[in-house]
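Me: I would like to learn how to read a structure feature by feature. Please take me through one.

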Amino acid sequence: MSRVSWAQQPARVRAPATSANLGPGFDALGLALALYDEVEAHVTDGGLAIEVSGEGSETAAAGEQHLVVRAMRAAFGVMGAQPPGIALRCVNAIPHGRGLGSSAAAVCCGLLAARALAGPGGPVAVGDPAPPGGAALSDEAVFRLAAALEGHPDNVAACLAGGLTIAWSPRPVPAGAAAAGTGTPAGAAPGPRLLRIAVPSTLRAVACVPSAPLATEAARQALPPAVPHADAAANSARSALLVAALTGAPQVLFEATEDFLHQPYRTDLMPETAGLLGALRREGAAAVVSGAGPAVLVLSFDGQPPSPGAVGSIAGKAGTPWDVIPLRIDQQGAHVQQGGLHVHTSVSARHAPSWNRGASWNRTRGRAQITREYLGVTGTASCTTHRQQVEGMSWAHLVLS
């Protein structure tokens, strides 16, 4: 009797937080941030077991509706076989419902974990007689499946590729029209594409995270069906300027982060976010709403104001509590990693920024490690491995042919 062979070792995946839009780059730009969700999955003889710690611990009860599980099931379905059972452990540091890409990280973790459990050639049928084996899941297929599950490609592009990404969906080529040079048959609806753009290592981000979440769908419903042509033209100029600012012209970063398409229309939905955004920009900070909000992201380069402490000081005067989190840019993206899941220790008071001492940030084990890495107080052998893997990543040229 035939059966399907699965990887014997657990698959361990790490995926970064992401911030989409970055102001004017609506539904196109994404930036990967060094704040991570981690998943460990392995195939069992039957059933489904889920353990979640850190952010979103209540989602462990979702069963088959858990987003990581749904992504795994989708990947297994494409590859042609479902495992008899799944055991899943999630260690989450990305806040849910704040505009920092927690759902994109879950989707990417699930897809990459499923691919790792199936093996490089897909699920392998063994036995006598042996039916055909499964199909492998390419990088391109992972991205397109992630975009379909997420609903839009901006966050998953940055989550998978790391760094700064531009995502777009080519328009379908009309039947009978010339498709030469497009790589897309006439009449077909091409899938989303992404381009990864290198950014200087001196680029930094500070996330200001409120205590209450906001559903992405609610934020999208606040947008009008049409915008004035002048606003669209202004936004087009700003988004082009933003790419220039992030890749070598930091002197225009403040002007480049001005938005006309979505942030003004969401003010009534998240007044605290709008208030903090205005306060930061009045002080010259290149502040934007992170994704659909309600978190605020401040971008800067080394030596360029404001410092994380200055951002924390402004947020402290906002009248509502904010977790102010300094973050480096993740350059690797989601990946299968060796070894066990990271166990994060708390940041000691002497290592924590004074403006954030005693805040919930310092007591959350998943987020604490990022503050330590940002301040340069830890160093492990994994840093070398990280750099080596970045050099060999394939997402930089994904689906551009």
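Me: In which sense do β10 and β11 pair, and over how many bridges?

Reply: Strands of a sheet pair through backbone hydrogen bonds, either parallel or antiparallel. In this predicted model, β10 and β11 pair in the antiparallel sense, and four bridges join them. As for individual residues, Val-289 has Val-296 in β11 as its bridge partner.

Me: What is the strand order of the open sheet, and how do its strands pair?

Reply: The order is β10-β11-β9-β12, four strands with antiparallel pairing. β10 and β12 (322-328) are the edge strands; each has a single partner, so one side of each has no neighbour in the sheet. From one strand to the next, the twist averages 25°.

Me: Which strands of the sheet does α8 touch, and what angle does its direction make with that of β10?

Reply: Helix α8 packs on the sheet and touches β9, β10, β11 and β12. The direction of α8 makes about 165° with that of β10.

Me: Is Thr-273 buried or exposed?

Reply: Buried means under 20% relative accessible area. Thr-273, which is found in helix α8 (residues 271-282), has 3% relative accessibility and therefore counts as buried.

Me: Which residues does Thr-273 touch, leaving out those up to four places away in sequence?

Reply: With those left out, Thr-273 touches Val-289, Pro-294, Val-296 and Trp-322. Two of these names have come up already: Val-289 and Val-296 are bridge partners. Thr-273 and Ala-318 lie 45 residues apart in sequence, with 9.5 Å between their C-alpha atoms.

Me: Which peptide bond involving Pro-294 is cis, and what is its omega?

Reply: Most residues other than glycine have a negative phi, and most peptide bonds are trans. The bond joining Gly-293 and Pro-294 is cis, with omega about 10°. Pro-294 sits in the loop between β10 (286-289) and β11. Another cis peptide bond runs from Pro-305 to Pro-306, where omega is near 5°. Pro-306 belongs to the loop between β11 and α9 (308-316).

Me: What is the phi of Leu-22, and what is that of Asp-27?

Reply: Leu-22 has a phi near 55°, a positive value in a residue other than glycine. Asp-27 is likewise a residue other than glycine with a positive phi, near 60°. Leu-22 is buried, at 0% relative accessible area; Asp-27 counts as partly exposed, at 26% relative accessibility.

Me: How many residues does α6 have, and what length does it reach?

Reply: Helix α6 (residues 229-247) has 19 residues and reaches 28 Å from first to last C-alpha, close to the 27 Å expected at 1.5 Å a residue. Just after α6 comes Gly-248, with a positive phi of about 155°.

Me: Which residues of α6 are buried, and which are exposed on the other side?

Reply: An α-helix has 3.6 residues a turn, so residues three or four places apart point the same way. In α6, the buried residues are Ala-234, Asn-235, Leu-242, Ala-245 and Leu-246. Viewed down the axis of α6, the buried residues fall within an arc of 100°, so they line one face of the helix. His-229 and Ala-240, on the other side of α6, are exposed. The buried residues of α6 pack against β3 (25-44), β7 (164-168), β9 (203-210), α7 (253-256) and β11 (296-301).

Me: How many of the residues of α2 are buried?

Reply: In α2, 14 of the 17 residues are buried, so this helix is largely enclosed by the rest of the structure. The length of helix α2 (residues 102-118) agrees with expectation: its end C-alpha atoms are 24 Å apart, and 17 residues at 1.5 Å a residue should span 24 Å.

Me: How many bridges join β4 to β5, and what is the handedness of the crossover between them?

Reply: Strands β4 (residues 47-54) and β5 (residues 85-92) run parallel and are joined by eight bridges. Ala-49, for instance, has Ala-87 in β5 as its bridge partner. The chain passes from β4 through helix α1 (residues 67-79) to β5, and this β-α-β crossover is left-handed.

How values were computed. Residues are numbered from 1 along each chain as its sequence is written. This is a predicted model: local features need pLDDT of at least 70, side-chain atom pairs count only at pLDDT 80 or more; totals for chains, interfaces and linings use all residues. Side-chain values use heavy atoms; hydrogens and water are left out. Helices (H or I, at least four residues) and strands (E, at least two) are DSSP runs, numbered from the N terminus. The expected span of a helix is 1.5 Å times one less than its number of residues. Buried means under 20% relative accessible area, exposed over 50%, partly exposed in between (1.4 Å probe, protein chains only). The arc is that of the directions from the helix axis to the C-beta atoms. Contact means heavy atoms within 4.5 Å. Two strands pair if DSSP finds at least two bridges between them. Axes are lines fitted to C-alpha atoms, for helices over the stretch in contact, and angles run from 0 to 180 degrees between N-to-C directions. A crossover is right-handed if, with the strands pointing away from the viewer, the path from the first strand over the helix to the second runs clockwise.
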